[in-house]
Amino acid sequence: MNIILALIPLSLVLLGLGIWAFFWAVNHAQFDDLDTPGLAPLVEDRALPPGAASPAAAESPPPAE
Amino acid sequence: MAERCFHCGEAIAPGSALTALQDGTPRAVCCIGCRAAVEWIEGLGLADYYRLRSEPAARAEAAADFSAWDRPALDRLYVRREGDQAEACVLVGGLRCAACSWLIERALGALPGVAEVSVNPAARRLRLRWEAAVTPLSRLLSALARLGYTAHPLEAGAIDSMAQREQRTALKRLVIAGLGMMQAMMYAVALYAGAFEGMDPLTRDFFRWLGFLVTTPVVLYSAQPFFAGARRELAARRLGMDVPVAFAIALVYVASLAEALRGGGQVYFDSAAMFTFFLLGGRYLEMRARHRAADVVDALARLQPALAQRRTATGAEETVGVHELVPGDVVHVADGATVPADGELLDERCSVDESMLSGESAARARRRGDTLLAGSVLVQGPALLRVTRVGSDTVLSSMLRLIARAGAERPRVAREGERLAAGFVAAVLALTLITAGAWLWFDPARAFPAALAVLVVACPCAFALAVPTALTRALAVLARQGVLVVRADALERLCRVRRVLFDKTGTLTENRLELLSVVCAAGVTREQALALGAALERGSRHPLACALRTAAEGMTLPPAQDLEAIAGQGVRGTLGAESLRLGRASFALGPGAADDGSVVLAGAHGEIARFQLRERVRGEAATTLQALAAQGIALEILSGDAAERVEAVARRLGVATWHARQTPQDKLARLDVLRRGSEGVAMVGDGVNDAPVLAGADVGIALAGAAELSQAHADLVLGGDRLDGLLQARAVALATRRVMRQNLAWAMAYNLGAVPLAALGLVPPWLAAIGMSLSSLGVLLNSLRIAAPDSRPQATPVVAGAVQEVTA
């Protein structure tokens, strides 16, 4: 029976870790939007065409280097 | 079937050849704005959006000029700065599914200087943090517009979202309570087993202190809202639900602690934790529903434009914020734009659509010197106006005050379940005290355990869950049917409704006209007349023009030239050598011609054809009204429109009672009269002019296409612009009331049976815990029985009292 004296404190430590992880997740907006991140794996990562990232870059010639 | 736009899914006008190159294939689009959006999204490498989305996008408008947003006067109001970083909150129109927020986050995040883009799809808000020195706000807004969304920056105060913080804290509290409850129950099971099998006092105390350890955060952190609420209620000297709940939690916790210290009797830490968790669960579900209601958006931000074109003394135009306008300024309003402030028309004439403000369905002609109202839309312009009233003095703002007053006067129905539960908890506390007192008299040693057992057995979990679980289930069922319940207690009131008031324009009718008949002059066919009429109305977006174009769909239209629209009169143009006029009889045929309300097409030699138009009644309106009448509900039409148009619609739908030319004040007065008969009154409407009545009625119901302001003050929003959602909402509301009553009866029966036994000291603690859980489970399972009615009623053609006119 003495094993519970070790296992129960261990389970409490794990519980504390779980709660800490959950609080971290809530504070870092992990639970604010549950729909959009689900789409991320469906997207193939394609390299953006150069200059397409900003409207200004697309409209004006690239600065001289 | 006409072709649909690749971007927004709207029908493409026949003959349009606009295409956008996407993924190597040309795709048909409906307008320049949509083409720009498709090509821009493709250029960003975000074309996956079209694969991911579940709803078509909103129609994109051609890109506007946003540079005015960089003016210091606007910047101060809408942007918050911290060092180099600027922060703003934007209300995004056209945000429809998760793919939209994905698209916005990717597209704006790629702009230089942007540090953070976070989209809240439920609230339709976008929070931006960026380096103001690198990128001005106007560039972010124009990027958003190029994607096809409309951007309405919100005042800087909106950045800190109260709702978000509240939601996060509530979620943390709920999870702590849940985890604490599970642990406490595990240790409690060990203790119960020990009570049967024998357990040495040292191990027993070990488990008791473990229970204390995991329950303490639940009571001190998770149950905080109950203690805070109880303090507020006591300070206000009224007894609500929080006082008895907080008292019961504290009592069970402190008593268990005393028992553990004393080393005797029983501890009930698991009950305290479970009690807190179940109650918090109910509260959390209610909070979610409440936030969704608040998300139905700052209506004013959409209704009133934030920018205006001011004409300076030199005659040049500058774009300024609406809050910078002062009476006396001269403002230019473009065709199709919203009027920014009340003012006096300086141009010869224009016509405006005030349907959202007054319910009048036809566009109104305005002449020089007439007043234009803020919030109305210029149908035929442009126009110059001199500002007379701004800000809180405008008619629109007075409407907002009317809404606030009507909402405050709405009779608040105390929730049946909550009232019952609060009374019950108070009774249980009294009973606990009596039990303790009685046992102290007979056998002081058993007083404490018996009193505690009464408290635990009678734990009002089943009561607390009876109402929220039924409501939550009902909300979920209705949401799947497309009916959004903004205020949950509206379902209870919906059961009591004996009379339903309908607005006409936009509610019973669609905001469109349909062609009823064509009377042609000798020698002219119906097709020829329609083709001529449609050709003349080619460029117009007047409802009449749309009706003619719809009727002439598929015909080859002759090319008309020199088209000129005369506001409030009609349109003229030339076709070949003949000059044609289409409009009121007096316009087309010359002054003195008899006006029978129809639209006349005339050439140089007199009348060619007469078109009779009528408002298009929604397909499902007749069946919905019949079904409501069959349930014994009185129907009535309250409209701001002219009497003959209201009468025509009332006759077609078989509604006997109708009132025309009703201002919002008139509608409210009518509501008061009906209310005095003490019957439940529901109002169904869509315009801003209906908003005060929606706020004041027992149940306010808005259509999803309604003005934001109306939606914000409605209790129910019918999705998909379908009226028959009302029938489903009522069916589900009745089922919910039935289930709630069963739940409350069950909880009452269980407690009446168990409490006397507990008071006599006959219930062992493990049985008390099992009984409590089973009674809660019963309530939960019963609530799951609420389901949607089998299917939507089949839409049948409108026949009730329809006026069939024979085409000559």
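Chain B of this predicted model contains 28 helices and 29 strands, where helices (H or I, at least four residues) and strands (E, at least two) are DSSP runs numbered from the N terminus. Residues are numbered from 1 along each chain as its sequence is written, while chains are lettered from A in the order in which they are written. Local features need pLDDT of at least 70 and side-chain atom pairs count only at pLDDT 80 or more, whereas totals for chains, interfaces and linings use all residues.

Of the 808 residues in chain B, 45% are buried, that is, have 20 or more other C-beta atoms within 10 Å of their own, with C-beta atoms placed from the backbone. Among contacts (C-beta atoms within 7 Å) in chain B with a separation of 6 or more, 67% join residues 24 or more positions apart.

The contact between the chains takes 28 residues from chain B and 24 residues from chain A. On the side of chain B that touches chain A, H6(B) gives the most, with eight residues. The residues of this side comprise 15 nonpolar, eight polar and five charged; Ala, Val, Leu, Ile, Met, Phe, Trp, Tyr, Cys and Pro count as nonpolar, Asp, Glu, Lys and Arg as charged, and the others, Gly among them, as polar.

Methods: Contact = placed C-beta atoms within 7 Å. Buried ≥ 20, exposed ≤ 12 C-beta atoms within 10 Å, placed from the backbone.
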